[in-house]
Amino acid sequence: MEDCYKILGVRQNATAAEIKRAYRQKAKLLHPDASQDSATTEEFRRLVRAYEILSDAKQRSLFDESYFM
């Protein structure tokens with residue numbers, strides 16, 4: 001499992017607003033419509049998955065427990 005915080009470029013104690021802001025900034029750069037590079041498509045998928053985990057309080061808690069233990 002990858003570090004979702006590292007993928008988004010935020011600290012572990014980041015607020016929901018910081019996570020959302022980081023996601024939007026990176027999504028603009030990596031979105032498949034904005035880039036023709038196939039490598040960014042996979043990176044974008046990782047970004048979306050990391051955001052899904054960290055933006056949901058329950059999933060974030062489970063991630064923190066499993067990743068940082």
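Where is L8 found? L8 is found in helix α1, where helices (H or I, at least four residues) and strands (E, at least two) are DSSP runs numbered from the N terminus. This is a predicted model, in which local features need pLDDT of at least 70 and side-chain atom pairs count only at pLDDT 80 or more, while totals for chains, interfaces and linings use all residues. Residues are numbered from 1 along each chain as its sequence is written, and side-chain values use heavy atoms, with hydrogens and water left out.

- L8 counts as buried, at 2% relative accessibility; buried means under 20% relative accessible area, exposed over 50% and partly exposed in between (1.4 Å probe, protein chains only).
- Leaving aside neighbours within four places in sequence, L8 is in contact with I19, A22, Y23, K26, L47, A50, Y51 and L54; contact means heavy atoms within 4.5 Å.
- L8 and L54 are 46 residues apart along the chain, and their C-alpha atoms are separated by 9.4 Å.
- The largest nonpolar core has 18 residues, and those with the most contacts inside it are L8, V10, I19, L47 and L54. Such a core is a set of buried Ala, Val, Leu, Ile, Met, Phe, Trp, Tyr and Cys residues joined through side-chain atoms within 4.5 Å.
- Two or more residues of this core come from each of α1, α2 and α3, and α3 gives the most, with six residues.
- L47 is in contact with I7, L8, Y23, K26, A27 and L30, again leaving aside its neighbours within four places in sequence.

**Aromatic pairs**

- The structure holds three aromatic pairs. Rings of Phe, Tyr and Trp (its six-membered ring) pair if their centres lie within 6.5 Å; planes under 30 degrees apart count as stacked, over 60 as edge-to-face and the rest as tilted.
- One of them is the tilted pair of Y5 and F63, with 5.9 Å centre to centre and 50° between the planes.
- This pair links distant parts of the chain, with Y5 in helix α1 (residues 4–8) and F63 in helix α4 (residues 57–67), 58 residues apart. Both Y5 and F63 are buried.
- Y23 and Y51 form a stacked pair, with 4.1 Å centre to centre and 15° between the planes.
- Y23 lies in helix α2 (residues 16–30) and Y51 in helix α3 (residues 38–55), so their pair ties together parts that are 28 residues apart in sequence.
- Y23 is buried, with a relative accessible area of 17%.
- Y5, F63 and Y67 are linked into a cluster by ring pairs.

**Helices α3 and α4**

- The axes of α3 and α4 come within 5 Å and cross at roughly 100°. Axes are lines fitted to C-alpha atoms, for helices over the stretch in contact, and angles run from 0 to 180 degrees between N-to-C directions.
- That makes α3 roughly perpendicular to α4; angles under 35 degrees count as roughly parallel, over 145 as roughly antiparallel, 65 to 115 as roughly perpendicular and the rest as oblique.
- R49, E52, I53, L54 and S55 of α3 make the contact with A57, Q59, R60 and F63 of α4.

**T40 and F68**

- T40 lies in helix α3 and is buried, with a relative accessible area of 12%.
- F68 lies in the segment after α4 and counts as partly exposed, at 38% relative accessibility.
- F68 touches D3, Y5, Q12 and F63, not counting residues up to four places away in sequence.
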